[in-house]
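Please keep the sequence and the 3D view open while reading.

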Number of protein chains: 2
Amino acid sequence: MEILRVASRSNLNPTAGAIASVLEENGVVEIHAIGAGAVNQTVKAIAIARRMVEEEGKAPIKVIPGFIELEIDGKTKTGIRFIVER
Amino acid sequence: MEILRVASRSNLNPTAGAIASVLEENGVVEIHAIGAGAVNQTVKAIAIARRMVEEEGKAPIKVIPGFIELEIDGKTKTGIRFIVER
């Protein structure tokens with residue numbers, strides 16, 4: 001499964017476009033975000049991607065959020081994993 | 001549809017319990033959050049609610065995020081609306 005990493009500074013429209021693009025290709029995409037700003041940015045990008053996908057007459061996308069342990073610079077941090085499916 | 005409002009200071013476990021409880025009763029719940037802290041808290045509460053629901057052998061829950069205009073203290077703010085369904 002293709003994994004996208006979203007940060008609080010990720011630009012919304014390109015991130016949404018990447019989500020929509022991977023959904024288009026694979027039907028599913030996994031997104032990792034660490035911290036409130038990154039999680040917020042991810043949710044907004046998914047909401048925009050949803051509009052893109054739905055405007056094209058596709059089935060609505062669904063999100064399954066969960067926790068994930070990620071290693072960043074040698075330290076383990078708890079982040080959020082979003083599975084986004086068509 | 002029952003609407004829960006989540007703030008950045010909402011306690012996670014009671015919020016998750018409320019989400020799981022409304023899902024149990026109605027099969028669907030709508031959650032509103034304004035700001036990165038509140039959106040982050042909502043996603044974490046949904047992830048915890050998901051564990052509660054799945055531990056009970058229920059179908060996994062799905063989230064549909066979108067934008068919503070909310071009036072707070074007479075001002076219009078853009079927030080995130082989460083539709084959570086079993």
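In which helix of chain B does B:Gln41 lie? B:Gln41 lies in helix 2 of chain B, residues 36-55. Helices (H or I, at least four residues) and strands (E, at least two) are DSSP runs, numbered from the N terminus.

This is a predicted model, in which local features need pLDDT of at least 70 and side-chain atom pairs count only at pLDDT 80 or more, while totals for chains, interfaces and linings use all residues. Residues are numbered from 1 along each chain as its sequence is written, chains are lettered from A and ligands numbered from 1 in the order in which they are written, and side-chain values use heavy atoms, with hydrogens and water left out.

**Residues and strands of chain B**

B:Gln41 counts as buried because its relative accessibility is 13%; buried means under 20% relative accessible area, exposed over 50%, and partly exposed in between (1.4 Å probe, protein chains only). Apart from residues up to four places away in sequence, B:Gln41 touches B:Val6, B:Ala7, B:Ser8, B:Ser10 and B:Leu12. Contact here means heavy atoms within 4.5 Å.

Strand 2 of chain B, residues 28-33, is mostly covered, with five of its six residues buried. Strand 2 of chain B pairs with strand 1 of chain B (residues 3-6) in the parallel sense, over four bridges. Two strands pair if DSSP finds at least two bridges between them. B:Arg5 has B:His32 in strand 2 of chain B as its bridge partner.

B:Ile68 belongs to strand 3 of chain B, residues 62-72. This residue is buried because its relative accessible area is 14%. With neighbours within four places in sequence left aside, the contacts of B:Ile68 include B:Glu30, B:His32 and B:Ile80. B:Ile68 and B:Ile34 are 34 residues apart in sequence, and their C-alpha atoms are 9.4 Å apart in space.

**Asp73 in both chains**

A:Asp73 lies in the loop between strand 3 and strand 4 of chain A. B:Asp73 is found in the loop between strand 3 and strand 4 (75-85) of chain B. The table gives the values for each.

| Residue | Phi | Relative accessible area | Class |
|---|---|---|---|
| A:Asp73 | about 50° | 78% | exposed |
| B:Asp73 | about 50° | 80% | exposed |

A:Asp73 has this positive phi although it is not a glycine, and B:Asp73 likewise has a positive phi without being a glycine.

**Where the chains meet**

The size of an interface is often given as the accessible area lost when the parts come together. Buried area is the accessible area (1.4 Å probe) that two parts lose on being put together, summed over both. Between chain A and chain B about 1,800 Å² is buried, and carbon and sulfur atoms give 76% of this area. A:Val43, A:Pro65 and A:Phe67 supply 30% of the area that chain A buries against chain B, more than any other three residues.

The contact takes 21 residues from chain A and 21 residues from chain B. Across the interface of chain A and chain B there are zero salt bridges, a salt bridge being a side-chain nitrogen of Lys or Arg within 4 Å of a carboxyl oxygen of Asp or Glu. Helix 2 of chain A gives the most to the side of chain A that touches chain B, with 11 residues.
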